[in-house]
Amino acid sequence: MRLIVTGGAGFIGSAAVRRAVDAGHEVLTIDKLTYAGHREALAAVMTSPRHHFLQADITHCDAIEAAISDFDPDAVLHLAAESHVDRSIDTPATFLDTNIRGTFVLLEAALRHWSRLHGARRAGFRFVHVSTDEVFGTLTGEGHFDKDSRYAPNSPYAASKAAADHFVRAWHQTYGLPTVVTNCCNNYGPRQHAEKLVPTLIRHAVAGEPIPLYGTGGNIRDWLYVEDHVTGLMAILQHSQPGETYLFGGRCEVQNLELARKICALLDARRPRADGRSYAQQITLVSDRPGHDWRYAIDPSYAEATLGWSAAESLDSGLATTLDWYLTNTDCLIPVNELGRLGTRAVAPANAAPRRRGRV
């Protein structure tokens, strides 16, 4: 298979690229190389004759059109996205541009490419849009998200991904482009960017600093080890139906506070504190962020039944592997935000005086 992976120098994208190249596919990685993308994540495949790299912005029509036309792919695996919720609160325009306009540019170029294909290549082509469970908003009861769940995004990030999901669906329904949407729960694993929750907890713990948790720490997330997610994406390329939506989840729901305690317990065993106390003593509750969803949980049974996929890694084993990697690669825990906490964009109070207009 000839496969284009957008965002292929990022956390999930690079794992997908490495897996695809190892499986014998020819891969073109397209990545803008923002703060979240690194060539080092592709070191294992960078010299492979089956791997090609293009530094490009997915919002640049000419570059994307040329890349798709020249590489002549059998599938596009679209992972390029701004994905950090706190950053979306502070700078939402960036998320609109990359996640919505970038997806539109890719869809248009993919549609023109697919329209030129014939026979088995035309029937087998897939545009796979990798999204998030955050598009569905928050769960307050015992239920789970499934492929028919109502969209109710609560953050600028989630709204931008929801819009992109709708564009992908529209390009299938209107133009016949064989698209697939995947929605996944929180990922974790080696090489994840330092601003995400798991590496943030590890970073503060080993530095002897307060380990920050929003609100009460009671927010619940479903966690999936990144390699299990990639296994699902590879199955999508082989077994998906055009126009379908597939949800990937780890069946690993846990409160953020419990997640922090699990990491602290692993650190207690691997790198005990000099004073003999548990790292859990460092856990500190901080003010919540705006629009913080209470609970995410995915029912992955449709993907399991139709793709033959299931998560292989437990949360405990996956966290142990992840922690061991970060303890060996401590440079990947370097703080990315030296200026203070993200996600605190000021909002004018409702009774604020209106701004004066006209000449001063």
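Leaving aside its neighbours within four places in sequence, which residues is W114 in contact with? Select W114 and find out. Its partners are R122, F125, Y175, G176, L177 and P178. Contact here means heavy atoms within 4.5 Å.

**Before you go on**

This is a predicted model, where local features need pLDDT of at least 70, side-chain atom pairs count only at pLDDT 80 or more, and totals for chains, interfaces and linings use all residues. Residues are numbered from 1 along each chain as its sequence is written, and side-chain values use heavy atoms, with hydrogens and water left out.

**Stop 1: the whole protein**

Colour by pLDDT, the predictor's confidence in each residue, from 0 to 100. The average is 92. A score of at least 70 is reached by 93% of the residues. Now select residues 348–360. Here pLDDT stays under 50. The model gives this stretch 0 contacts beyond four places in sequence. Where pLDDT is low, the predicted coordinates should not be read in detail.

Switch to cartoon view. You will see 11 helices and 12 strands. Both are DSSP runs, numbered from the N terminus: helices are H or I with at least four residues, strands are E with at least two.

Zoom out. The C-alpha trace spans about 65 × 65 × 40 Å along its principal axes. The radius of gyration is 21 Å, which agrees with the value near 21 Å for a compact globule of 360 residues. That radius is taken over C-alpha atoms, and the globule rule is 2.2 Å times the number of residues to the power 0.38.

How much of the protein is buried? Buried residues make up 52% of the 360. Buried means under 20% relative accessible area, exposed means over 50%, and partly exposed lies in between (1.4 Å probe, protein chains only). Look at the contacts too. Among those between residues at least 6 apart in sequence, 80% join residues at least 24 apart.

**Stop 2: back to W114**

W114 sits in helix α4, residues 92–115. It counts as buried because its relative accessibility is 10%. W114 and P73 are 41 residues apart in sequence, yet 9.2 Å apart in space, C-alpha to C-alpha.

**Stop 3: L259**

Move to helix α9, residues 256–270, and select L259. Is L259 buried or exposed? It is buried, at 0% relative accessibility. Not counting residues up to four places away in sequence, L259 touches L197, V198, L201, W223, V254, L315 and L319. Draw a distance to L197.

**Stop 4**

Select D22 in helix α1, residues 11–22. D22 is exposed, with a relative accessible area of 63%. Its C-alpha atom is separated from that of A162 by 32 Å. Along the chain, D22 and A162 are 140 residues apart.

Next, select H172 in helix α6, residues 156–175. H172 and E142 are 30 residues apart in sequence and 33 Å apart in space, C-alpha to C-alpha. H172 touches L177, P178, T179, P242 and G243, leaving out residues up to four places away in sequence.

**Stop 5: two positive phi angles**

Most residues other than glycine have a negative phi. Select L33, in the loop between β2 (26–31) and β3 (51–55). Its phi is positive, about 60°, although L33 is not a glycine. L33 counts as partly exposed, at 22% relative accessibility.

Then select D72, in the loop between α2 (61–71) and β4 (75–78). Phi of D72 is positive as well, near 60°. D72 is partly exposed, with a relative accessible area of 29%.

**Stop 6: the spaces inside**

On a 1 Å grid over the protein atoms alone, a cavity is a set of points where a 1.4 Å probe fits but cannot get out; a pocket is an open set with protein on both sides within 12 Å along at least five of seven lines; lining residues have an atom within 4 Å of a point. Grid points are joined across faces, edges and corners, and a volume is the space filled by probe spheres set on the points.

How many cavities of 30 Å³ or more does a search of the whole structure find? It finds 1. The largest cavity holds about 40 Å³. Select its lining: V85, E134, S155, R289, P290, G291, H292, D293 and Y296.

Finish at the second largest pocket, with about 410 Å³ of space. Of its 19 lining residues, H38, R191, Q192, W325 and C332 lie nearest its centre.
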